[in-house]
Amino acid sequence: MNKSNTTVSIIIPVFNDQDRLTKCLNFIEQQTLPLDLIEVVVVDNGSLPPVVINESYRFKFNLIRCEKPGSYAARNAGAKIATGDIFAFTDADCWPDKDWVKSGILSLEHHGSKTFVGGEVKIIKPPSPSAVALYQHAVGFEQKSNIKERKFTGTLNLFCTKELFSVVGEFEERLLSGGDREWSWRALKRGFFLVYESKAIIYTDPRTTLRGAVRQARRVAAGRKMLRELGLTHMGHQNIAKQKTAWQSVLWIFRQKELSVLDRVRVFFVALIIRLAEMVERIRLAFGSKAERR
């Protein structure tokens, strides 16, 4: 790879999220890597109305539409037309640090062609946060421990060469959640290496409503179930188990000294409701119901 003119394709799936997509693209335009080396591939995953992109951006972009439901199907559609030497995956509801692309590329070049990289993910605490936002900010995305301990990187911050992606193969489109885990584990099984890069930073907002947090928890629970049923855990079932038991979670919440006592109680009840939602979702799926997209 010629380091002086390495090109990167940023692949972004989007579903009914025009405003945050626009914010994401505005931050991509502030990247310190020369913009003539950047291609952005936005994949509209069936939004109504369809998303639009301002044609005044200084980077090259493609906007395509993928009608098959699911962000992994959308990412695959984007990868098919991407032309960059490196693929960088993120989500429409995220925005990158100005050095995100540059740091991801440098990490890949430093660690070698058999490496794929997961960058840091920071959940930004909003002013006057709701109990749900406090919970999500306190828990964090845990990207570093996901990479170091559970051996996967979230697709909101993933770098790999185009060649590595072609060898590992596409994301598993049968999954509506957990496809980042499955793809990472499949790459590891095929002899590639996962590296954490703290300087390649993606920011995202926490969910602010209980409804949104419950939907997310249900989707993750369904994803874990599908990984098991489809035989796609690859690295063992222990890597899809929750990091903390219910009792460990309670102790962890009440030890968060940056939260007031009242906020710890509020966060505890959010955590309790989310645990119950996960349990109900597992029961619902066990009786034959289908996993929901959102």
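Predicted model: local features only at pLDDT ≥ 70, side-chain atom pairs only at ≥ 80, totals over all residues.
Visitor: What makes C66 and C160 buried or exposed?
Guide: Buried means under 20% relative accessible area, exposed means over 50%, and partly exposed is in between (1.4 Å probe, protein chains only). C66 has 9%, so it counts as buried, and C160, with 0%, is buried too.

Visitor: Why is the pair E173 and K68 called a salt bridge?
Guide: The term asks for a side-chain nitrogen of Lys or Arg within 4 Å of a carboxyl oxygen of Asp or Glu. Here the N to O distance is 2.7 Å, and the pair is a salt bridge. E173 is in the loop between helix 6 (162-168) and helix 7 (179-189), and K68 in the loop between strand 3 and helix 2 (71-81), so the pair ties together parts that are 105 residues apart in sequence. Helices (H or I, at least four residues) and strands (E, at least two) are DSSP runs, numbered from the N terminus. Both partners are partly exposed: E173 has 22% relative accessibility and K68 has 44%.

Visitor: What separates R186 and E182 along helix 7?
Guide: About one helical turn, because they are four residues apart in that helix. Their closest N and O atoms are 2.7 Å apart, and they form a salt bridge. R186 is buried at 12%, and so is E182 at 2%.

Visitor: How about R284 and E281, where do they lie?
Guide: Both are in helix 10, three residues apart, about one turn of the helix. R284, at 24%, is partly exposed, whereas E281, at 3%, is buried. By this rule the total count is 16 salt bridges.

Visitor: How do you know that the span of helix 3 agrees with expectation?
Guide: The expected span is 1.5 Å times one less than the number of residues. Helix 3 (residues 100-111) has 12 residues and should span 16 Å; its end C-alpha atoms are 17 Å apart, which agrees. Its buried residues include W100, I105 and L108.

Visitor: What makes E142 and K151 worth a mention?
Guide: Most residues other than glycine have a negative phi, and most peptide bonds are trans. E142 has a positive phi near 60°, and K151 has one near 65°. E142 sits in the loop between helix 4 (131-139) and helix 5 (143-148), while K151 is in the loop between helix 5 and strand 7 (158-161).

Visitor: Which peptide bond is cis?
Guide: The one from L48 to P49, with omega near 0°. P49 is in the loop between strand 2 (38-44) and strand 3 (60-65).

Conventions. Residues numbered from 1 in each chain as written. Heavy atoms only, no water.
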